[in-house]
Amino acid sequence: MATTYDTIPKHHVATGSEKKVILASSLGTVFEWYDFYLYGLLATIISAQFFSGVNETTGFIFALGAFAAGFAVRPFGALVFGRLGDMVGRKYTFLVTMGLMGFATFTVGVLPNYASIGVAAPIMLVVLRLLQGLALGGEYGGAATYVAEHAPNNKRGLYTSFIQTTATLGLFAALLVVIGTRTLIGEESFRDWGWRVPFLISVVLLGVSLWIRMQLQESPVFQKMKEEGTNSKAPISEAFGNWKNGKFVVIALLGAVAGQAVVWYTGQFYAMFFLEKTLLVDGATTNILIAIALAIGTPFFVFFGWLSDKIGRKWIIMAGCALAVVTYFPVFHALANAANPAMTQASEAAPVTVTVNDNDCSLQFDPIGKNKFDSKSCDIAKSYLAKNAISYSVVDAPAGTIASVQIGSKLITAPDPSKVTGDDKSAAIKAFGGEVISTLEAAGYPVKDNPAATKDPKAAKKILFADPAQIDKPLVVLILTYLVLLVTMVYGPIAALLVELFPTRIRYTSMSLPYHIGNGWFGGFLPTTAFAMVAATGDIYYGLWYPIIVAGLTLVVGIMFLPETFRKNIDE
């Protein structure tokens, strides 16, 4: 017979049972995050494997878009599995979500690439990402609710904070596997076929996690409610069909989760993409630096969860959002100075400007994926700079002006597609790129020979990069750790807060939807949106406006409308 809160004091549950619940729930959720975030870690490689039929900038944004696709369906997973969890039970629901996640992840590891089956490859990849998103949409709410309903009322922040560590631990585990595989087989083999290994070995983690979770009993709070016949028969309509509960869903989303989400994804994913794609730090070094910062910062999830039991959840989350709003711009400038000082110094000494009429330019993102950005001089100039992660400003010119790029005091005119066509245009574009990169090198920008040029005659002979010898690694780790600490502030207490906002009979459904809209849409689309903003403007910091505005919105709504919940007894 399952233990219920009728048979034990309100604030005490058997210690051994608590530890087992936390361990089993956390390990299973770590596995699901490991699966989900492998894709994000390997976005640059996956871009080359599955989106090689489009131009480079669009391909990377498409890769991030497929990354975001998994987030897009998370709210729907929250509704489907949240309803199931409130009607059938917490335990069996997250066994289903785990199996679905494991299947989708393993299949990515055996999926043929674009070179093998063409456009079917990215389509199948997106479908698998959608399955992963559905699974994760049901997983988190179940695990957080399950642990919270086992926790003593005065330790709910502490106990659920272990669930909050799982996203970072899953990312950390994925980083370790990726780093280990890269080290064992070498970067070239990893990019060719080794990237599949982390996906394939997830099947082992799936087996272990399923076995552990099958040992658990149902949540005592849910079991008691089910025995009494008071569980909801229509949790979706009950959760969202009346304003009494619905208003707290809206407040939870805008006043807590949206800001938490953008701080989370800025600190742990956008920072990683920014290092690798914008600051041109090599992938292996980026992974190692992020992993060290995560290792240092992860215990603070538990610290802020514990602290929220003492002083409340709300103001810790608000403080994290406020710090993000105030410090993101200076922190990312400092990250650029530490990770690629030569690039930063050169861009200050010899800034790049593009003289164009903006109305003549295309947006540097092609939804169709076939635009080579070579039909206008403006597009040729901007496309080259965007592809090489060169920050630039725009000088407006009269309509019809042939675009030119100025680096320091040297002016380079882009090819005019109305005067050169066919092979001549291709040669002119290549010559333009060669002149730009040579001028950048002469101006002090860090440039090296392109290893890919030995195999691909169409590849540029020289590329920009971050010189490993010049990276201030301790400072980069310090900055990344600060970003992770902001993540722990907003994320550590939020599971307890969401559980406490909603009644037991519709808790799984009610808390899952705002959580997954916030993290799936506001957070999950952050890398795609931010990099599209950078590509459109040429300013490598412009994408930061997205998390700053959203975190600012949460700060205002949260201060005005979000209730404090930390002394609430959820068993009643």
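I began with the charged pairs and counted seven salt bridges in the structure. I note here that the model is a predicted one.

**Entry: glutamate 187**

I looked up the partners of glutamate 187. With arginine 182 it forms a salt bridge, at 3.0 Å from N to O. A salt bridge also joins glutamate 187 to arginine 191, where the closest N and O atoms are 3.2 Å apart. I then checked where the second pair sits. Both glutamate 187 and arginine 191 belong to helix H9, residues 187–192, and they are four residues apart, about one turn of the helix.

Are these residues buried or exposed? I compared each value with the cut-offs: under 20% is buried, over 50% is exposed, and partly exposed is in between. Glutamate 187 has 30% relative accessibility, so I put it down as partly exposed. Arginine 191 is also partly exposed, because its relative accessibility is 34%. Arginine 182 has a relative accessible area of 6%, so I listed it as buried.

**Entry: glutamate 500 and arginine 313**

Next I took the salt bridge between the side chains of glutamate 500 and arginine 313, which is 2.5 Å from N to O. Which parts does this pair tie together? Glutamate 500 is in helix H22 (residues 494–501), while arginine 313 is in the loop between helix H16 (299–311) and helix H17 (314–339), so the bridge ties parts that are 187 residues apart in sequence. I found glutamate 500 buried, and arginine 313 as well. The two residues are part of a network of salt bridges that links Arg156, Asp309, Arg313 and Glu500.

I turned to helix H2, residues 43–50. Six of its eight residues are buried, so I describe the helix as largely enclosed by the rest of the structure. The buried residues are Ala43, Ile45, Ile46, Ser47, Gln49 and Phe50.

Helix H24 covers residues 526–537, 12 residues in total. I got 16 Å from its first C-alpha to its last, close to the 16 Å expected at 1.5 Å a residue. Its buried residues include Leu526, Pro527, Phe531 and Val534. Just after H24 I came to glycine 538, which has a positive phi of about 85°.

For leucine 280 the angle is about 65°. I located leucine 280 in the loop between helix H14 (243–278) and helix H15 (283–297). Its relative accessibility is 19%, so leucine 280 counts as buried under the 20% cut-off.

For alanine 389 the positive phi is about 60°. Alanine 389 is in the loop between helix H19 (377–387) and strand S2 (393–396). I recorded alanine 389 as buried because its relative accessible area is 15%.

**Entry: the second largest pocket**

My last entry is on the second largest pocket, whose volume is about 320 Å³. Which residues lie nearest its centre? They are Thr344, Ser347, Ser391, Ile540 and Tyr541, out of 20 lining residues. H17 and helix H18 (341–349) are the elements that give two or more residues to this lining. H18 provides the largest share, four residues. I sorted the lining by residue type and got 11 nonpolar, eight polar and one charged.

Methods: Residues numbered from 1 in each chain as written. Predicted model: local features only at pLDDT ≥ 70, side-chain atom pairs only at ≥ 80, totals over all residues. Heavy atoms only, no water. Salt bridge = Lys/Arg side-chain N within 4 Å of Asp/Glu carboxyl O. Buried < 20%, exposed > 50% of the residue type's maximum accessible area, 1.4 Å probe, protein only. Expected span 1.5 Å × (residues − 1). 1 Å grid on protein atoms, 1.4 Å probe; cavity = no way out; pocket = protein on both sides within 12 Å on 5 of 7 lines; lining within 4 Å. Points joined across faces, edges and corners; volume = space filled by probe spheres on them. Nonpolar A, V, L, I, M, F, W, Y, C, P; charged D, E, K, R; others polar.
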